Amino acid sequence: MKVTEVVLRHMKMRMKAPFTTSFGTFQDKEFLLLEAKDENGVSGWGESVAFHSPWYNEETLKTNWHMLEDFIIPNLLNKEMQHPDEVSETLSYIRKNNMAKSAFEGAVWELYAKQKGIPLAKALGGTANEIEVGISIGIQDSIDELLNLIDEYVKEGYKRIKVKIKPGWDVEVMREVRKHFPDVALMADANSAYTLEDINLLKQLDEFDLMMIEQPLASDDIIDHAVLQRELITPVCLDESIHSYEDARKAIELESCKIINIKIGRVGGLTESKKIHDLCQERGIPVWCGGMLESGIGRAHNIALTTLSNFIMPGDTAASSRYWEKDLIDPEVTVEDGMIKVPGKPGLGYEPSYETIKQFTVFEKSFS
Ligand SMILES: O=C(O)CCC(=O)c1ccccc1C(=O)O
Ligand SMILES: [Mg+2]
């Protein structure tokens with residue numbers, strides 16, 4: 001298998017509604033799409049989930065463009081490979097820049113699956129025919145607005161509700177949500193908005209029978225998370241803290257968390273995601289697939305990964321229509337009763353639409 005041409009596209013798509021986390025708000029989603037073609041003109045697709053600004057991690061779509069253009073693409077163009085695992089091996093000399101690596105690697109994984117004539121899910125070793133999904137709700141202007149949204153999503157059948165929290169929008173909010181939705185599977189995501197000084201406040205969340213609290217403390221801190229986990233009944237789930245298999249191993253050994261959120265981009269690709277998945281399975285740590293407000297391409301990658309057997313908790317990969325007026329793929333991702341049917345066609349199983357992609361492309365460059 002060989003990638004003989006790469007088309008890199010800078011995309012800009014407006015989300016239906018702004019998304020607010022403890023770091024701020026945005027509505028225009030900019031990201032990179034990477035199309036990798038083989039010598040027969042077959043394309044595999046990858047998406048970089050790096051945002052316009054480095055609030056979630058240190059990467060941005062411009063740093064990703066730089067890494068791809070100046071290092072990753074030259075390293076991998078025209079390189080003969082037997083298996084997509086060789087992408088991360090080849091790039092292992094590059095420190096971090098996981099989202100940039102993952103964009104290329106995801107495209108190679110799709111190409112590999114297409115060449116074998118099997119769905120990406122199967123190529124990864126996944127077995128599920130359908131997957132359970134939840135939904136992540138950003139910080140709202142009022143509790144009433146939040147309750148209305150939750151009501152809507154519960155009626156649509158989403159299997160669990162995740163509420164973003166931050167100081168000043170936490171205990172009282174979760175109390176109201178629990179009061180109105182006593183039976184819903186519920187969790188909170190803090191995106192690192194707290195420190196150990198907030199331990200008493202975080203302990204109050206134990207009242208609400210949450211499935212987990214996601215990334216309460218700093219993005220690089222598994223020591224304090226271990227201290228916090230010892231004090232909480234609610235399981236801690238790590239998101240931003242886990243960049244690799246090694247991070248996952250250390251967090252599990254320190255008992256910094258009881259659950260891990262795997263995001264393909266954050267850990268540098270599908271090969272590393274699988275390794276983390278397998279480790280967690282061995283250690284009895286459930287995993288679920290996080291979301292980065294992806295277009296259909298990244299969404300399709302998440303769906304394929306989620307078919308692995310230790311993805312036993314609903315992920316954040318909601319329906320295309322939750323984010324976009326029009327997604328880049330045909331068909332779009334749809335959710336019925338909180339389930340997504342895993343496509344049976346080779347590769348991603350969703351066809352990227354060149355017409356729609358063109359409409360949202362700010363800039364593109366071809367490498368061969
Ligand atoms: O709906 C999604 O794609 C996930 C939404 C979400 O929670 C999120 C969105 C952007 C960046 C980080 C996160 C997160 O999981 O922390
Ligand atoms: Mg998170």
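## Strands side by side

Two strands count as paired if DSSP finds at least two bridges between them.

What you're looking at is a predicted model, so it's worth checking the confidence scores. The protein chain has an average pLDDT of 97, and 100% of the residues reach at least 70. For the complex, the predictor reports an ipTM of 0.99 and a pTM of 0.97.

## Two domains in one chain

The chain splits into domain 1 (5-117 + 352-367) and domain 2 (123-341). Notice that domain 1 is written as two stretches of the chain. The C-alpha centres of the two domains are 23 Å apart.

Where do they meet? On one side, 35 residues of domain 1 make contact with 33 residues of domain 2. β1 (5-21), β2 (24-37), β3 (43-48), α2 (85-90), α3 (98-116) and α13 (354-359) each give at least two residues to the domain 1 side. Of these, α3 provides the largest share, with 10 residues. Sorted by class, the domain 1 side has 17 nonpolar, 11 polar and 7 charged residues.

## A parallel sheet

Now look for an open sheet of 7 strands. Its order is β5-β6-β7-β8-β9-β10-β11, and the pairing is parallel. Which strands form the edges? They are β5 (135-137) and β11 (287-289), and each of them pairs on one side only.

Zoom in on one pair inside this sheet: β8 (residues 213-214) runs parallel to β9 (residues 236-238), with 2 bridges between them. Isoleucine 213 has valine 236 of β9 as its bridge partner.

## Around the ligand

Which residues surround ligand 1? The shell is made of Tyr56, Ser136, Asp189, Asn191, Asp239, Gly290, Gly291, Met292, Leu293, Asp316 and Ala318. By class, that gives 4 nonpolar, 4 polar and 3 charged residues.

## A covered helix

Is helix α11 (residues 296-306) mostly covered or mostly open? Mostly covered: 11 of its 11 residues are buried. Among them are Gly296, Arg299, His301 and Leu305.

A few spots have backbone angles worth a look. Aspartate 330 and proline 331 are linked by a cis peptide bond, with omega about -5 degrees. You'll find proline 331 in the loop between β12 (329-330) and β13 (339-341).

One is serine 192, with phi near 70 degrees, in the loop between β7 (186-189) and α7 (199-204). The other is glutamate 255, at about 55 degrees, in the loop between α9 (245-253) and β10 (259-262).

Are these two buried or partly exposed? Serine 192 has 22 other C-beta atoms within 10 Å, so it counts as buried. Glutamate 255 is partly exposed because it has 14 other C-beta atoms within 10 Å.

Technical notes: Residues are numbered from 1 along each chain as its sequence is written. Chains are lettered from A and ligands numbered from 1 in the order in which they are written. This is a predicted model: local features need pLDDT of at least 70, side-chain atom pairs count only at pLDDT 80 or more; totals for chains, interfaces and linings use all residues. Domain bounds come from an automatic or database domain assignment. Two residues are in contact if their C-beta atoms, placed from the backbone, lie within 7 Å. Helices (H or I, at least four residues) and strands (E, at least two) are DSSP runs, numbered from the N terminus. Ala, Val, Leu, Ile, Met, Phe, Trp, Tyr, Cys and Pro count as nonpolar, Asp, Glu, Lys and Arg as charged, and the others, Gly among them, as polar. A residue is near a molecule or strand if its C-beta atom, placed from the backbone, lies within 6 Å of it. pLDDT is the predictor's confidence in each residue, from 0 to 100. A residue is buried if 20 or more other C-beta atoms lie within 10 Å of its own, exposed if 12 or fewer, and partly exposed in between; C-beta atoms are placed from the backbone.
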